[in-house]
Amino acid sequence: MSQVARNISIIGSGPSGLYTAYHLVKKANTIKVPINIKIWEKNPVPFGLSRYGVAPDHPEVKNCEDTFTTMFREYEELSAGFCKSLQFIGNTIVGQPSMSSATNPFENHVALKSLMQTEDVVVLSYGCNGDRRLNIPHEEECSSVFTSRQFVNWYNGQFDVALSDKFMKFDWSKVRKVGIIGNGNVALDVARLLISNQVKELWGVSDISTVALEQLNKAPIESVKIIGRRDFSHSKFTNKEYRELWELEKYGIFGNIISTEFDTLVKDIKAPSNDRVMMRRLEMSKEYLLPFDQRSKKNYKKVRPPIERAESKKHWEFDYLLSPVGINMHPGTKDLKSVTFAQNVMQKDGSLVQSDSTVTTDFDLLITSLGYKGEPLEEFGELGIQFDRSHVKNIDGRVLSNSDVPIPGLYTSGWINNGGQGVIANTMQGAFQVADRILEDMAAKPIHKKSTSNAELNTQLPNQTTWADWEEINKKELQKGKAQGKNRSKYITVDSVMNVLKTN
Ligand SMILES: Cc1cc2nc3c(=O)[nH]c(=O)nc-3n(C[C@H](O)[C@H](O)[C@H](O)COP(=O)(O)OP(=O)(O)OC[C@H]3O[C@@H](n4cnc5c(N)ncnc54)[C@H](O)[C@@H]3O)c2cc1C
């Protein structure tokens, strides 16, 4: 007897949603169950943070997009005929209208409840769409404080903020000193962009939003300070991102580290340590802090800086053991004047104590880079879906109800599963594991009643975009980019995307 195909809906077309789909496509034949997959995406175009997060000068990181494109083109062969359909349904938000409704008049809405009633499997892969905050006075009111999520979305041309007054009307020409709170990889991406904002070679050829770059180019940025609560050894960045910051010296941009603990660590650099990542980090720091001719290792003598460190007008630096406690604005304005920090002391047991002493540093712009925050969809309460601080509560991707039991057919993958952690490789591995759980559960339940229910799900929505539409947009963006000497020129308004599609 031929099997009834199971209907699977995935919410979000970022790396987690698409890697979940990819694994289901590739493995459906192992359980011999035919499947139909629908991927719902609030933006008219796919790829989530691969398109709107990853730094524009890291095109190689976006290679996952090629895998996803192949999947859409070849899902029948890849699944040995078990994947019967694979649909991208763009411009369609699952849940309540979002803030994007203001910038996307074409957005469709589909209730999560209706997906859960009609689909055999629903996967929540909608990422982390909120900001973690410092929660100190004037943080939201001050016009020169941006969260890294808003700022990164803006320079990557994300529809919700690409033309937002917050950035477009901001007086970039006054920005000389920038503070960044947090020292993870996102903070380093932002620091790299800001301190090298006028290096055409880096950004002019990238897919950064052209209008954002025009604004950024106006800023005569001289210093970017990256500030951490804890000490050097607790820095959150990876060595790859760190190296890229140091390597800006080939454009005459130099780095510095303010940390007593760092000096002690460097003195001990020859002491054997099992922490190879830290040893590498120290070696890199020590070598790059030396004048070019005094460096001992070939690795750090590849490109001679065009000027000496002392002549340079552009620096980035790390500062440690500081917690922001106050944002001070110029009197009578909403412009940032300075930030007051409490000084922290690390205890022997690794805990942190905030002391009574404070320091105040002048900045023209402050970026808070504290991580992306997961948020529940509005219907979670009504549907009894458990949300824990920044992620959907789950066991191995199986979503838990408020009474801590898995909700049949409901899964979660990616950043909304784990609260916003990990690079694309981790996200991929996690998504594969969740897809394996889905396959196991499908194999264990030969016929799911929803596949045979009469309830209909409308997948022909008025302004939805399809995968074929995305392929058209992609082609046009690459053509526009080529004409401008860039690797891609993105459409940054939903109107412009819809116009292109209308005229085809
Ligand atoms: C600034 C930044 C730089 C990064 N750089 C790198 C890097 O260099 N290398 C690397 O490997 N990783 C990098 N990462 C990490 C990588 O981007 C993540 O691991 C990955 O994107 C997480 O995937 P996700 O699918 O869980 O979430 P997302 O990528 O956020 O995808 C979620 C998708 O769901 C959609 N969505 C949201 N709500 C709804 C809804 N209600 N209905 C329908 N659709 C919805 C969103 O529009 C989005 O397309 C970076 C992350 C950031 C933030």
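# Pocket, helix and annotated sites

Me: What is the volume of the second largest pocket?
Reply: The second largest pocket has a volume of about 320 Å³. Keep in mind that this is a predicted model.

Me: Which residues sit closest to the centre of that pocket?
Reply: They are K62, E65, N474, L478 and R488. The lining has 16 residues in total.

Me: And which elements give two or more residues to the lining?
Reply: Those are α3 and α16.

Me: Let's stay with α16. Where does α16 run, and what do its ends tell us?
Reply: Helix α16 covers residues 467-483. At 1.5 Å a residue, its 17 residues should span 24 Å. Its end C-alpha atoms are 24 Å apart, so the two values agree.

Me: Which residues of α16 are buried?
Reply: The buried ones are W467, W470, E472, I473, N474, E477 and G481.

Me: What covers them?
Reply: The cover includes α2 (48-52), α3 (64-78), β3 (83-89) and α17 (494-502).

Me: What happens at the start of α16?
Reply: A side-chain oxygen of T466 reaches to within 3.4 Å of the backbone nitrogen of A468.

Me: And what follows α16?
Reply: G485 follows α16. The phi of G485 is positive, near 75°.

Me: New topic. Which residues does UniProt annotate as "binding site"?
Reply: The unreviewed UniProt entry lists S16, E41, L49, V94, W415, G422, V423 and I424.

Me: How far apart are the farthest two?
Reply: Their C-alpha atoms are 24.7 Å apart, so the annotated residues do not all gather at one spot. In sequence, the set spans 409 residues.

Me: Take S16. Is S16 buried or exposed?
Reply: S16 is buried, because its relative accessible area is 6% and the cut-off for buried is under 20%. S16 lies in helix α1 (residues 15-31).

Me: What is S16 in contact with?
Reply: Leaving aside neighbours within four places in sequence, S16 is in contact with S125, S413, G414, T427 and A431.

Me: And I424, buried or exposed?
Reply: I424 is buried too, with a relative accessible area of 18%. I424 lies in helix α15 (residues 424-444).

Me: Which residues does I424 touch?
Reply: Not counting residues up to four places away in sequence, I424 touches P15, Y19, S50, V54, V61 and C64.

Technical notes:
Residues are numbered from 1 along each chain as its sequence is written. This is a predicted model: local features need pLDDT of at least 70, side-chain atom pairs count only at pLDDT 80 or more; totals for chains, interfaces and linings use all residues. Side-chain values use heavy atoms; hydrogens and water are left out. Helices (H or I, at least four residues) and strands (E, at least two) are DSSP runs, numbered from the N terminus. The expected span of a helix is 1.5 Å times one less than its number of residues. Buried means under 20% relative accessible area, exposed over 50%, partly exposed in between (1.4 Å probe, protein chains only). Contact means heavy atoms within 4.5 Å. A polar contact is a pair of N or O atoms within 3.5 Å; within protein, one must be able to donate a hydrogen and the other to accept it, and residues adjacent in sequence count only if both atoms are side-chain atoms. UniProt positions are given in the numbering used here, feature names are shortened, and annotations may be inferred rather than shown by experiment. On a 1 Å grid over the protein atoms alone, a cavity is a set of points where a 1.4 Å probe fits but cannot get out, and a pocket is an open set with protein on both sides within 12 Å along at least five of seven lines; lining residues have an atom within 4 Å of a point. Grid points are joined across faces, edges and corners, and a volume is the space filled by probe spheres set on the points.
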